[in-house]
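Here are a few friendly notes to read alongside the model. Please keep the structure open as you go through the points.

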Amino acid sequence: KTSGFVFNPQSEYWPTKGWKSSTPEKQGMNSKALIEVFEEIEKNDLEVDSLLIVRNGYIVVEANKRHIETLYPIYSSTKSFTSAIIGIALNKGYICSVDQSISEFFPELFQKNINSLKASITLKNLLTMSCGFEWPEVQTDYSNTENPYFQLMQSDNWIKFLLDKPIKEKPGQKFNYNSGCSRLLFEVLYRSGLNVADFAQINLFTPMGILKDQYKWRKTQNGKLNASDALYMSPRNMAKFGYLYLKGGHWEGKQIIPKSWII
């Protein structure tokens, strides 16, 4: 949180139908400093495909090697969209509480030889990646066959693969990067009876003016949305998502994401 920042849910306009542009100076920025950013990119030969800067709701800088609506893979930023969708589902009553145990959603894996620590894992633990599994994902190269996420993607039953992992830490005690957590969160929604793709389009993308053909979301081997790293978006629509959070989850008079979801 920025010292002295006062949240204002209102906006001079909402970029639902598209962003407006402005000069940096009109938005209190220094053009010379922004030029230096491009000079540093060129000087260091950085692989930057797109650069978009929004200030006060206006595009002040935009550079793109391709078309402005080109869809780029956003990799693990997908997880932020997954979290937002979980928050919306919670707000609409499809999920009762983030304190619900995962054993409620995957009873077939908890019927025998119940591990009390595993049974205590909650949706909140998945959201905060503090479920406690032995999971050296970022400690191992992703191309290494020993990487747990690599193994999960190759598994015929990735839910069982994840939940069969031994518990190393007490759930809720320690953050450990685990892409399987995000996948498990979407599986909770599927088991709650939701068509996640339709739910996301209606409740998250449509309010922001993001149409179905303006993003791509790859699926897992079982035909469900990959919640961890498979979303493709244009920089302008990524900026809309960031603006949504900047405005406290509020968009054009509607609270899309619960206020409690905004840190």
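1. Which residues gather in a patch of negative charge on the surface? They are Glu 36, Glu 39, Glu 40, Glu 42, Asp 45, Glu 47 and Asp 49. Asp and Glu count as negative, Lys and Arg as positive, while His and the chain ends are not counted. A patch is built from residues with over 30% relative accessible area and no salt bridge, like charges being joined within 9 Å and nonpolar side chains (Val, Leu, Ile, Met, Phe, Trp, Tyr) within 5 Å.

2. Before going on, please note that this is a predicted model, where local features need pLDDT of at least 70 and side-chain atom pairs count only at pLDDT 80 or more, while totals for chains, interfaces and linings use all residues. Residues are numbered from 1 along each chain as its sequence is written, and side-chain values use heavy atoms, with hydrogens and water left out.

3. Glu 39 is partly exposed, with a relative accessible area of 48% (buried is under 20%, exposed over 50%, and partly exposed in between, using a 1.4 Å probe and protein chains only).

4. Now to the pairs. Side chains of opposite charge can pair when their charged atoms come close. The structure holds 6 salt bridges, each being a side-chain nitrogen of Lys or Arg within 4 Å of a carboxyl oxygen of Asp or Glu. One of them joins Asp 164 to Lys 160, with the closest N and O atoms 2.6 Å apart. Asp 164 is partly exposed at 47%, and Lys 160 is partly exposed at 38%.

5. Have a look at helix H7 (residues 179-191), which holds both Arg 191 and Glu 187, 4 residues apart, or about one turn of the helix. Their salt bridge has its closest N and O atoms 3.5 Å apart. Is Glu 187 buried or exposed? Glu 187 counts as buried, at 5% relative accessibility, whereas Arg 191 is partly exposed at 37%.

6. Glu 187 also meets Lys 224 in a salt bridge, at 3.1 Å from N to O. Lys 224 lies in the loop between strand E5 (215-217) and strand E6 (231-233), so this pair ties together parts that are 37 residues apart in sequence. Glu 108, Glu 187, Arg 191 and Lys 224 are linked in a network of salt bridges.

How values were computed:
Accessible areas come from the Shrake-Rupley method with a 1.4 Å probe; for residues, only the protein chains shown count as cover. The place of a charge is taken as NZ of Lys, CZ of Arg, CG of Asp or CD of Glu. Helices (H or I, at least four residues) and strands (E, at least two) are DSSP runs, numbered from the N terminus.
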